[in-house]
Amino acid sequence: MANSNSIGSAATNITWHNGHVSRDERRQLLKQTGLTIWFTGLSASGKSTVASALEQHLLHRGINAYRLDGDNIRFGLNKNLGFSPEDRTENIRRIAEVSKLFADSAAVAITSFISPYRIDRESARSLHNDAGIPFVEVYADVPVSVAERRDPKGLYKKARAGEIKEFTGISAPYEAPDHPEIHIRTDQKSIAEAVQQIAQYLEENNLI
């Protein structure tokens, strides 16, 4: 029986159509640079909390930003994907493409996904690099013990009880970034301090 998550064969006889507005022209007209800020970290590491606060901070500064959240995406675009290694990879491939489109439009795309596999995050980075779009990896870092104590959704408790299979940090691996642009110990910084750290990096690198 075919996997319900399987994807058909790749399309053929298609052609890329360029528009009349170049990326540089769009950036000049909108007065901002498009980029992707890619949050990665364990469940309950504070990714979504900091990402939401960062989105609000940028919007209040007049910078067009949009947050793409891991759980939210699974209600629609990726609702046919589970949590097997193959589905996790496809999940990240899709969101990498979507965030690149947002960034190409001169928006600041803020993604908040566990994205546990280093190779998948590097594929997302390469996709942006090949298109000449800035990619900023933010590692929301906490020990598993801290994430378990937080456990706002009760997921770690269920994973320990064997009720959730392939749960990152418990029964499935998380591969921490080797060289993220921004490394935040979210158990040692407030949300405001984390947002300020990211904003400072973006300013120093002329991204905002």
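User: What volume does the largest pocket have?

Analyst: Rolling a probe the size of a water molecule over the atoms shows where empty space is left. In this predicted model, the largest pocket has a volume of about 700 Å³. A pocket here is an open set of points on a 1 Å grid over the protein atoms alone, where a 1.4 Å probe fits, with protein on both sides within 12 Å along at least five of seven lines; the volume is the space filled by probe spheres set on the points, which are joined across faces, edges and corners. This is a predicted model, in which local features need pLDDT of at least 70 and side-chain atom pairs pLDDT 80 or more, while totals for chains, interfaces and linings use all residues. Residues are numbered from 1 along each chain as its sequence is written, and side-chain values use heavy atoms, without hydrogens and water.

User: Which residues are the closest to the centre of the largest pocket?

Analyst: Ser43, Asp71, Ile114, Lys153 and Leu155 are the closest, out of 32 lining residues (those with an atom within 4 Å of a point). Helices H2 (47-60), H3 (70-73), H4 and H7 (155-160) each contribute at least two residues to this lining; helices are DSSP runs of H or I with at least four residues, numbered from the N terminus. The lining comprises twelve nonpolar, ten polar and ten charged residues. Ala, Val, Leu, Ile, Met, Phe, Trp, Tyr, Cys and Pro count as nonpolar, Asp, Glu, Lys and Arg as charged, and the others, Gly among them, as polar.

User: Which helix gives the most to the lining of the second largest pocket?

Analyst: H4 does, with three residues. This pocket has a volume of about 300 Å³, and its lining includes Trp16, His17, Arg26, Lys100 and Asp104. That lining divides into four nonpolar, four polar and four charged residues.

User: At what angle do H4 and H5 pack?

Analyst: Two packed helices are described by the angle between their axes and the distance between the axes. Here H4 (residues 85-104) and H5 (residues 118-131) pack at about 25°, with axes 9 Å apart. H4 is therefore roughly parallel to H5 (angles under 35 degrees). The contact (heavy atoms within 4.5 Å) involves, among others, Arg88, Ile92 and Lys100 of H4 and Asp120, Leu127 and Ala131 of H5. Its residues are five nonpolar, three polar and four charged.

User: How do H2 and H8 pack?

Analyst: H2 and H8 (residues 191-204) pack at an angle of about 60°, with their axes 9 Å apart. They are therefore oblique to each other. The contact includes Val50 and Leu54 of H2 and Val195 and Ile198 of H8, and its residues divide into eight nonpolar, two polar and no charged.

Definitions and conventions: Axes fitted to C-alpha atoms, helices over the stretch in contact; angles between N-to-C directions. Parallel < 35°, antiparallel > 145°, perpendicular 65-115°, else oblique.
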